[in-house]
Amino acid sequence: MHSSYLVPATLHIVDAFASVPFSGNPAAVCVLEGPRDDEWMQQVAREMNLSETAFLHPIEGGYALRWFTPATEVDLCGHATLAAAFVLWETGRLAATEAARFLTKSGRLVCRKLEDAVVMDFPAVAAEPCAVPERLAEALGCAMLAVWRCAADYLVEVADEAVLRALTPNHSLLATLKARGIIVTSRSATPEFDFVSRFFAPAVGIYEDPVTGSAHCALGPYWRIQLGRDRFLARQLSTRGGVIEVEVHGDRVLLRGQAVLVSRVELLV
């Protein structure tokens with residue numbers, strides 16, 4: 001290593017919504033001493049090439065937190081928030097009994113450690129029935145039972161888990177829709193889980209996200225209407241897969257999941 005190189009930051013690579021390595025959704029977490037410019041953060045996120053890279057630094061009362069995909073900044077990310085809180089406890093920046101408090105583009109978010117899991121308090125995202133976007137069915141390649149709009153995404157219910165698993169969307173066509181992503185969901189085929197889902201977001205550079213915490217801010221309220229309950233055990237059916245406990249409390253959603261630290265990366269530039 002050249003002696004003139006500096007090490008301005010360390011990134012922790014964390015598998016979120018996972019109990020074992022190489023499952024769940026990997027996120028890079030970069031804890032800084034102060035803010036950095038947007039272009040630098042976007043370049044780092046592109047270099048990491050994960051669905052999300054989280055950047056945080058101390059502020060009064062907690063940490064400022066931002067999330068970047070390889071292509072753009074997003075307003076809310078669940079798995080990278082879980083990873084960020086996990087890193088603060090793992091590195092001793094916070095005691096295990098302390099809450100991780102974040103100021104974000106989606107307001108104040110709070111995470112707490114509960115045994116071997118992280119509990120995140122997120123805003124609920126209301127879903128409303130909407131007109132079916134032109135070419136959505138063609139892009140997904142399946143029949144749709146319901147199409148709802150929820151903030152930046154569309155939420156689509158399909159007939160069953162078999163249909164959901166078999167989806168091979170046209171990502172180029174999906175990317176033309178005016179949405180961050182498409183949440184596709186169904187009831188679970190097994191009693192172990194209440195509902196299952198997949199999440200496609202080619203418009204922000206992610207063909208399929210392995211496990212999407214922010215999508216469950218809409219899925220929880222949606223399935224509350226369909227099933228008449230407030231608590232759910234959900235599974236996202238990506239290749240890596242992940243499990244999320246979801247609890248709806250009015251305008252808030254509690255998301256619970258585990259995390260595993262996989263590696264550390266030192267930035268030299």
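Modeller: Let us begin with strand β11, which is joined to strand β12 (residues 181-187) by 5 bridges, the two running parallel. This is a predicted model, in which local features need pLDDT of at least 70, side-chain atom pairs count only at pLDDT 80 or more, and totals for chains, interfaces and linings use all residues. Residues are numbered from 1 along each chain as its sequence is written, and side-chain values use heavy atoms, with hydrogens and water left out.

Colleague: Why are β11 and β12 called paired?

Modeller: Two strands pair if DSSP finds at least two bridges between them, and β11 and β12 have 5 bridges, so they count as paired. Within β12, Gly 181 is the bridge partner of Asp 153.

Colleague: In which sense do β10 and β11 pair?

Modeller: Strand β10 (residues 146-150) pairs with β11 in the antiparallel sense, over 5 bridges, and Ala 146 has Glu 157 of β11 as its bridge partner. The two strands form a hairpin with 2 residues between them, and Ala 151 in the turn has a positive phi of about 50°.

Colleague: What makes β11 mostly covered?

Modeller: Buried means under 20% relative accessible area, exposed over 50%, and partly exposed in between (1.4 Å probe, protein chains only); in β11 (residues 153-157), 5 of its 5 residues are buried. Asp 153, Leu 155 and Glu 157 lie on one side, with Tyr 154 and Val 156 on the other.

Colleague: How do you know that helix α2 has close to its expected span?

Modeller: The expected span is 1.5 Å times one less than the number of residues; α2 (residues 78-90), with 13 residues, reaches 18 Å from its first C-alpha to its last, close to the 18 Å expected.

Definitions and conventions:
Helix = DSSP H or I, 4+ residues; strand = E, 2+ residues; numbered from the N terminus.
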